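These are my notes for a colleague who is opening this structure for the first time. The points below may be read beside the sequence and the 3D view.

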Amino acid sequence: MRVGVLTGGGDAPGLNAVIRGLVVRGVEEFGFDFLGYRDGWKGPLTGLTMPLDIATVADIVSVGGTILGSSRTNPLKVDAGVERIVENLRSDGVEALVAIGGEDTLGVATHLTAAGCQVIGVPKTIDNDLSGTDYTFGFDTAVAIATEAVDRLHTTARSHHRVLVVEVMGRHAGWIALHTGMAADAAVTLIPEVPYHPGEVADWVRSRAQRTGYAIVVAAEGATAATGELVTKDASRDAFGHVKLSGIGELLAADLEQQTGLESRAVVLGHLQRGGSPTAYDRVLASRLGLTAAAALRDEAWGMMMALRGTDVNYVPLSEATGTLKTVPASRYAEAAAFFG
Ligand code: F6P
């Protein structure tokens, strides 16, 4: 069987480890033949391909990004997009497709399944906000990078008796902020799921600064004040309708300086959280997802997504991942709040 593979949406450390697991097991154990589609859905939409064999995947397990390239192309917004993909798969002799991506990429995969294509999904996002799976690969790496950054910011904030607001990724879900804030001892952590009250944030910052002389605030990019709105970079939207978030860090720093009288600065970690080599945990998780995706192809488990449940990797219907986002429960935020102030 000839299998097409693509990676879509924002990249995540571990994508190459998935590709390696899939290709190694698919070729060696099941005798599949793989074809790489470049740059997300743009690949099968426009016929952009690359060879994908055992030699191509050698030495990539530790490499960040994706050898296939990625994009936020949305074929559902292109004239006859699904039909063009179906036709290109047919002319490439591709019988099944493995789509590795987040809610948007897997949403398109669900549409293609409904249109009769043989699709398998692999969940990916540093934001860890996909339902159906306990953790997504890339998340552990993003948290490790953000934690190391905040550890470093502690020493400079302490030296200058400052408040430093660290803005991390997390559009709708505050998983990265939650874990980073707890691991790196933030005075307060703000997440999109729980709108914040500026006066309360200032109280936590004051109380920490009284104790230590400085304070670090970790804020997810999608955090909003109870009385405010989502802070966006500009008015533009991507092909899936998402706004570009950025600016909550600067807004909070200015507000905290005014409220507390403490000199405050903002640091935006941005795409640093997605770049570079994956942690060992992400390499192993991603490799296991790739190996299981090869087995799912053998089992003809069309319309299924690979998922981590506890310590096992299994299949769940794609619709489970794309129905609702996995947000931070109130109980997890309450745990983090035990360390505020
Ligand atoms: O991959 C998801 C994500 O990391 C979001 O947290 C963030 O808002 C977005 O990607 C930014 O993506 P880009 O700037 O690459 O479009």
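1. Four strands form an open sheet in the order 7-8-6-11, and the pairing is parallel; strands are DSSP runs of E with at least two residues, helices are DSSP runs of H or I with at least four, both numbered from the N terminus, and two strands pair if DSSP finds at least two bridges between them. Strand 7 (188-190) and strand 11 (264-268) stand at the edges with a single partner strand each, so one side of each has no neighbour in the sheet. Neighbouring strands of this sheet are turned by 20° against each other on average, direction ignored; axes are lines fitted to C-alpha atoms, for helices over the stretch in contact, and angles run from 0 to 180 degrees between N-to-C directions.

2. A note on the basis of these values: this is a predicted model, in which local features need pLDDT of at least 70 and side-chain atom pairs count only at pLDDT 80 or more, while totals for chains, interfaces and linings use all residues. Residues are numbered from 1 along each chain as its sequence is written, and side-chain values use heavy atoms, with hydrogens and water left out.

3. Within the parallel sheet, strand 7 is joined to strand 8 (residues 215-220) by 3 bridges, and Leu 190 has Ala 219 in strand 8 as its bridge partner. Helix 7 (residues 198-212) lies across strand 6 (163-168), strand 7 and strand 8, and runs at about 150° to strand 7; contact here means heavy atoms within 4.5 Å.

4. A further open sheet is formed by 7 strands in the order 3-2-1-4-5-12-13, with mixed pairing. Its edges are strand 3 (49-52) and strand 13 (312-317), each of which has a single partner strand, so one side of each is left without a neighbour in the sheet. The twist averages 30° from one strand to the next.

5. Helix 9 (residues 280-298) lies across several strands, including strand 1, strand 4 (96-101) and strand 12 (304-309), and runs at about 140° to strand 12.

6. The chain is divided into domain 1 (2-137 + 278-322) and domain 2 (139-274), with bounds that come from an automatic or database domain assignment. Their centres, taken over C-alpha atoms, are separated by 32 Å, and 22 residues of domain 1 are in contact with 19 residues of domain 2.

7. Where does the largest pocket lie? Both domain 1 and domain 2 give residues to its lining, so the largest pocket lies between them. Its volume is about 760 Å³; on a 1 Å grid over the protein atoms alone, a pocket is an open set of points with protein on both sides within 12 Å along at least five of seven lines, and lining residues have an atom within 4 Å of a point. Grid points are joined across faces, edges and corners, and a volume is the space filled by probe spheres set on the points.

8. Of the 35 residues that line the largest pocket, Arg 72, Met 169, Arg 171, Glu 221 and Arg 274 are the closest to its centre. By class, the lining has 6 nonpolar, 14 polar and 15 charged residues, where Ala, Val, Leu, Ile, Met, Phe, Trp, Tyr, Cys and Pro count as nonpolar, Asp, Glu, Lys and Arg as charged, and the others, Gly among them, as polar.

Conventions:
On a 1 Å grid over the protein atoms alone, a cavity is a set of points where a 1.4 Å probe fits but cannot get out, and a pocket is an open set with protein on both sides within 12 Å along at least five of seven lines; lining residues have an atom within 4 Å of a point.
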